[in-house]
Amino acid sequence: MAKFQLNRRKFLTAASLGTSGLLLSGCDAFDGHLGMGDGLRSFLEGANDLTHRAQRLLTRDALAPEFSEADIRQPMRPNGVSAPDDATYKALLSNNFADWRLEVTGLVEKPLSLSLDQLHAMPSRTQITRHDCVEGWSCIAKWTGTPLSLVLDQAVVKPQARYVVFHCLDTIDHNQSGDVKYYGSIDLVDARHPQTILAYGLNGKPLPVENGAPLRARVERQLGYKMPKYLSKIELVSSFAAMGGGRGGYWEDYGYDWYGGI
């Protein structure tokens, strides 16, 4: 199932040619598979950057719509990997994540290693929001978690940091170097937005495995692929150059828009 979802998403990326979504996408996937040249790639990257800056100007402090309990009409639909087959993840799951830790590293003054109990002990936020998937579906659910801004404050972010990178436990692909773990990123503006939380609860219960247990990101003004599941580490960085394809996320390396705003 995971392989089918992976191929489907790659197909949807390529299929965005000829639509307005093309102007919101990076171009590595298009260059490699469809013969696009550096000129078009540079043009599209510039359009993506312009879109991001325009959205940031218009929505910097805006809140995503929130809903009532009555609007929750179905369980939260899983997306992407829904049952990680990784040995490390399975071992953590078998002990109900008692040994799991969220590492906070990179450009911080005070690196952290937080247990679930420590996150639960911090002030929490609950919000009922709509999840919009790039594949065209949406679902309303209630999320509970720790505001990411509180974790960043505890770690004391260094001035040169520009982005928060989420590193995950689930393997989404394989290459000659081995397993490829999912990763994604947001800038510090979205990281400190009041609705950006590290969610450990869904619809009043602990976060299920299929939805990202023990912890996932919720970045409510962005599309679903910008909300990584199965979190293991948060890294503060000044650049994406040394990560993956240098685009700031797994799907971004395949041509998805880095900002992913709604």
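Predicted model: local features only at pLDDT ≥ 70, side-chain atom pairs only at ≥ 80, totals over all residues.

Student: How are tyrosine 225 and tyrosine 256 arranged as an aromatic pair?

Tutor: They are edge-to-face, with 4.9 Å centre to centre and 85° between the planes. Tyrosine 225 sits in the loop between β9 (216-219) and β10 (231-237), while tyrosine 256 belongs to the segment after β10, so the pair ties together parts that are 31 residues apart in sequence.

Student: And tryptophan 251 with tyrosine 254, what geometry do they have?

Tutor: That aromatic pair is tilted, at 5.9 Å centre to centre and 50° between the planes. Tryptophan 251 is buried because its relative accessibility is 2%, under the 20% limit. Tyrosine 254 is partly exposed, since its relative accessible area of 21% falls between 20% and 50%.

Student: Which residues do ring pairs link into a cluster?

Tutor: The cluster consists of Tyr182, Tyr225, Tyr250, Trp251, Tyr254 and Tyr256. Over the whole structure, the search finds eleven aromatic pairs.

Student: Stepping back, how many helices and strands are there in the chain?

Tutor: The protein chain has seven helices and ten strands. Of its 262 residues, 50% are buried. Among contacts between residues at least 6 apart in sequence, 70% join residues at least 24 apart.

Student: Which residues touch the most other members of the largest nonpolar core?

Tutor: They are Trp100, Leu148, Val151, Val164, Phe166, Leu198 and Leu236, in a core of 52 residues. Strand β5 (residues 163-175) gives the most to this core, with seven residues. There is also a second, separate core of ten residues, and Met76, Cys139, Trp143 and Leu207 are among them. As a general point, nonpolar side chains tend to be buried together in soluble globular proteins.

Student: Is β5 largely enclosed or open?

Tutor: It is largely enclosed by the rest of the structure, because eleven of its 13 residues are buried.

Student: Which strands does β5 pair with?

Tutor: β5 pairs with strand β6 (residues 178-187) in the antiparallel sense over nine bridges, and a hairpin of two residues joins them. β5 also pairs with β10, again in the antiparallel sense, over six bridges.

Student: Now β3, please. How does it pair with β4?

Tutor: β3 and strand β4 (residues 138-147) run antiparallel, with eight bridges between them. Arginine 130 has isoleucine 140 in β4 as its bridge partner. Five residues lie between the two strands of this hairpin, where glycine 136 takes a positive phi near 110°.

Student: Where is glutamine 127, and is it buried or exposed?

Tutor: Glutamine 127 is found in strand β3 (residues 125-132). It is buried because its relative accessible area is 1%, under the 20% limit.

Student: What does the side chain of glutamine 127 lie 2.9 Å from?

Tutor: A polar atom of that side chain lies 2.9 Å from the backbone oxygen of glutamine 195. Not counting residues up to four places away in sequence, glutamine 127 touches several others, among them Glu66, Trp143, Pro194 and Arg218.

Student: Where does histidine 193 lie, and what does its side chain reach?

Tutor: Histidine 193 lies in the loop between α7 (188-191) and β7 (196-202). Its side chain reaches the backbone oxygen of alanine 62 at 2.7 Å. Histidine 193 is buried, with a relative accessible area of 6%.

Student: Last topic: how many disulfides are there?

Tutor: Taking a disulfide as a pair of cysteine sulfur atoms within 2.5 Å, the count comes to zero. Cysteine 133 is buried at 8% relative accessibility, and cysteine 139 is buried with a relative accessible area of 3%.

Technical notes: Residues numbered from 1 in each chain as written. Heavy atoms only, no water. Helix = DSSP H or I, 4+ residues; strand = E, 2+ residues; numbered from the N terminus. Buried < 20%, exposed > 50% of the residue type's maximum accessible area, 1.4 Å probe, protein only. Polar contact = N/O pair within 3.5 Å; in protein donor to acceptor, adjacent residues only side chain to side chain. Contact = heavy atoms within 4.5 Å. Core = buried A, V, L, I, M, F, W, Y, C linked by side-chain atoms within 4.5 Å. Phe/Tyr/Trp six-rings, centres within 6.5 Å; stacked < 30°, edge-to-face > 60°. Pairing = 2+ DSSP bridges.
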